[in-house]
Amino acid sequence: MAVVPQLKRLALVVHPRRSIIGPLETLERWAGSHGIEIVQVPGVGRLYREVAEPGEVESGDLVIALGGDGTVLAALRISAPKEVPVLGVACGSLGALTAVPAEQLDQSLERVLAGDWIPRRLPAIGIEPADAPAQWAVNDFVVTRRGAGQVVVDLSVDDQLYVRMAGDGLIVATPVGSSAYSMAAGGPLLVPGTPALVCTPLAMHGGSAPPLVVPGELGIRAQVYPSFAGFDVEIDGQTQSVQARDYRLSMHEGKVTLVSFGELGLGLSGLRKRGLISDSPRVLARDARDLVPADQTRPPA
């Protein structure tokens, strides 16, 4: 059991384009019947669609993310300074971070009010650029080349050089983020709860450097040497204005909190349901063959 103390407000973060009419009507009806105020806070790096009175997140709020995983990531970034939980509502397909589909929002809010929910604590990457304000990421930190050139990144762990890579860039991901861009680039999956970060080179041009799993207590340093075209830095999929060339990265356990219902599990079944993990075709063909009755597998007389 968990409790949002003195729940007086729902703070909304909404997707700029997805249809949210149904869940928004549910929120307004539920909040009105419980005397709870609704405000809207802008998402990070997103177009703004106004659906409620503007406001800032305060202690005791419950942040509601209406959209998909990207909206939840934006909500987590907003909620972290006040250490308030986020309820992710899937307006479309159910993702890795959304807790409930839109049609179950009413009963989910009742469960949160009653304390019948489980805090899902997620780690984050602390990002310290040289001569720039510190930031952090729930999914991943990415350095990527701009234009047709390459970017060179020196990757070190606790100031011990691992590799100097030239290519498309580098991804540093949390266990949650390991199933996103990093996996698409050939990086390993980290089971949620693994106290580690994964560093995945992007299209390295020559040399040899497999993806590196770094224990959470160790520091990571990425020194960037761009070509004439420059480079971009992305944090949780959003391009940043920062252009520092030296980054210190570290793992921060339990940085943000998601509202969850039921057993948290390892998240592996969710990857299978979303099609990110799939069985070998030979195994699937064997399963299909085993389902056919024996008398139907015999050749016709």
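**Notebook: salt bridges**

I began with aspartate 236, which counts as buried at 10% relative accessibility. The cut-off I used for buried is under 20% relative accessible area. I am working from a predicted model.

Next I looked up the partner of aspartate 236. Its side chain meets that of arginine 77 in a salt bridge, 3.7 Å from N to O. I then checked arginine 77: buried or exposed? At 16% relative accessibility, arginine 77 counts as buried.

I moved on to arginine 248. This residue forms a salt bridge with aspartate 159, and the closest N and O atoms are 2.8 Å apart. Arginine 248 lies in strand β17 (residues 246-260), while aspartate 159 is in the loop between β9 (151-157) and β10 (160-167), so the pair ties together parts 89 residues apart in sequence. For accessibility, I noted arginine 248 as partly exposed, at 35% relative accessible area. Aspartate 159 is exposed, at 54%.

Aspartate 279 counts as partly exposed at 31% relative accessibility. Arginine 272 is partly exposed as well, with a relative accessible area of 45%.

Last, I looked up the total. How many salt bridges does the structure hold? I wrote down 9 salt bridges.

Conventions
Residues are numbered from 1 along each chain as its sequence is written. This is a predicted model: local features need pLDDT of at least 70, side-chain atom pairs count only at pLDDT 80 or more; totals for chains, interfaces and linings use all residues. Side-chain values use heavy atoms; hydrogens and water are left out. A salt bridge is a side-chain nitrogen of Lys or Arg within 4 Å of a carboxyl oxygen of Asp or Glu. Buried means under 20% relative accessible area, exposed over 50%, partly exposed in between (1.4 Å probe, protein chains only). Helices (H or I, at least four residues) and strands (E, at least two) are DSSP runs, numbered from the N terminus.
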